[in-house]
Amino acid sequence: MIIKSVELEKVCGVTSVIPDNDKPEIAFAGKSNVGKSSLINALMNRKSLARTSSQPGKTQTINFYNINDELYYVDLPGYGYASVSKEVKAKWGKLIERYLRNSKQLQCVFLLVDIRHAPSTNDVEMYEWILANGFYPIIIATKLDKIKRSQVQKNVKIIKEKLNVEPGTIIIPFSAQTKQGRDEIWDIIDQITKE
Ligand code: GDP
């Protein structure tokens, strides 16, 4: 995929109307710190356009990045903050759900999990929630460079088992450091947006 232009076009908070876009949308979900901003930056060929969780103002919003005037990458709020109240968590949950239900252009959801660990209860809930909204998420197992090559298949198997993935689910190991996995993800996005 050739990235010609990238623009953060819309930022939606808990009270915002979900935009009625006219181009395909590809969404990214995952717990905070899983490497979602790093992945989105790698897929945009930008160093730091997608803000990381450590930067304020990011976490409660859905960010729409216009890519090449052809499609949107949709950065969903990271979940799983221990320090956040139940009320705030519920608001983010509603925002994500509102988006999954109401977007007319959402073509595909990528769910990110850390390749080093078995998915958490939150990850399992998110996976089931995406399914319940009619999407079959593609799993991206992040931080691939942090484990030995010999561990990869074993850890992928654990992720599949813990999430109890639907048969045929694609799992792509990815590293933001080496960019391994990026071409595979771009190929999938290309296929989806050209259908
Ligand atoms: P987010 O909260 O999901 O957006 O996560 P970030 O992209 O901000 O990443 C969280 C931390 O993990 C940062 O310190 C990143 O540098 C680091 N990180 C993200 N992806 C990778 C990766 O593929 N490899 C390594 N080694 N570190 C990563």
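A nonpolar core is defined here as a set of buried Ala, Val, Leu, Ile, Met, Phe, Trp, Tyr and Cys residues joined through C-beta atoms within 7 Å. A residue is buried if 20 or more other C-beta atoms lie within 10 Å of its own, exposed if 12 or fewer, and partly exposed in between, with C-beta atoms placed from the backbone. The model is a predicted one, in which local features need pLDDT of at least 70 and side-chain atom pairs count only at pLDDT 80 or more, while totals for chains, interfaces and linings use all residues. Residues are numbered from 1 along each chain as its sequence is written.

The protein chain contains five helices and seven strands; helices (H or I, at least four residues) and strands (E, at least two) are DSSP runs, numbered from the N terminus. Read from the N terminus, the order of elements is β-β-α-β-β-α-β-α-β-α-β-α. The C-alpha trace spans about 45 × 40 × 35 Å along its principal axes. The radius of gyration, taken over C-alpha atoms, is compared with a globule rule of 2.2 Å times the number of residues to the power 0.38. The protein chain has a value of 16 Å, which agrees with the value near 16 Å for a compact globule of 195 residues. Of the 195 residues, 34% are buried. Two residues are in contact if their C-beta atoms, placed from the backbone, lie within 7 Å. Among contacts with a separation of 6 or more, 74% join residues 24 or more positions apart.

The largest nonpolar core has 46 residues, and Phe28 and Leu111 have the most contacts inside it. Strand β5 (residues 106–114) supplies the largest share of this core, with six residues. Beyond its neighbours within four places in sequence, Phe28 is in contact with Lys36, Leu39, Ile40, Tyr73, Val74, Asp75, Leu76, Phe110 and Leu112. Ala29 lies in strand β2 (residues 25–30) and counts as buried because it has 25 C-beta neighbours inside 10 Å. With neighbours within four places again set aside, the contacts of Ala29 are Leu76, Val109, Leu111, Leu112, Met126 and Ile130. The C-alpha atoms of Ala29 and Ile3, 26 residues apart along the chain, are separated by 22 Å.

Helix α2 (residues 86–102) has 17 residues, which at 1.5 Å a residue should span 24 Å; the end C-alpha atoms are 24 Å apart, in agreement. The expected span is 1.5 Å times one less than the number of residues. The buried residues of α2 are Trp92, Leu95, Ile96, Tyr99 and Leu100. They cover an arc of only 130° around the axis, and are therefore on the same side of α2; the arc is that of the directions from the helix axis to the C-beta atoms. An α-helix has 3.6 residues a turn, so residues three or four places apart point the same way. These buried residues pack against β3 (62–67) and α3 (121–132). On the face turned away from the buried side, α2 carries the exposed residues Lys86, Glu87, Ala90, Lys94, Arg101 and Asn102.

Positive phi angles occur at two loop residues considered here. Asn45, although not a glycine, has a positive phi of about 60°. Asn45 is found in the loop between α1 (36–44) and β3 and is partly exposed, with 14 other C-beta atoms within 10 Å. Lys143, also not a glycine, has a positive phi of about 65°. The loop that holds Lys143 runs between β6 (138–142) and α4 (152–163), and Lys143 counts as buried with 20 C-beta neighbours inside 10 Å.
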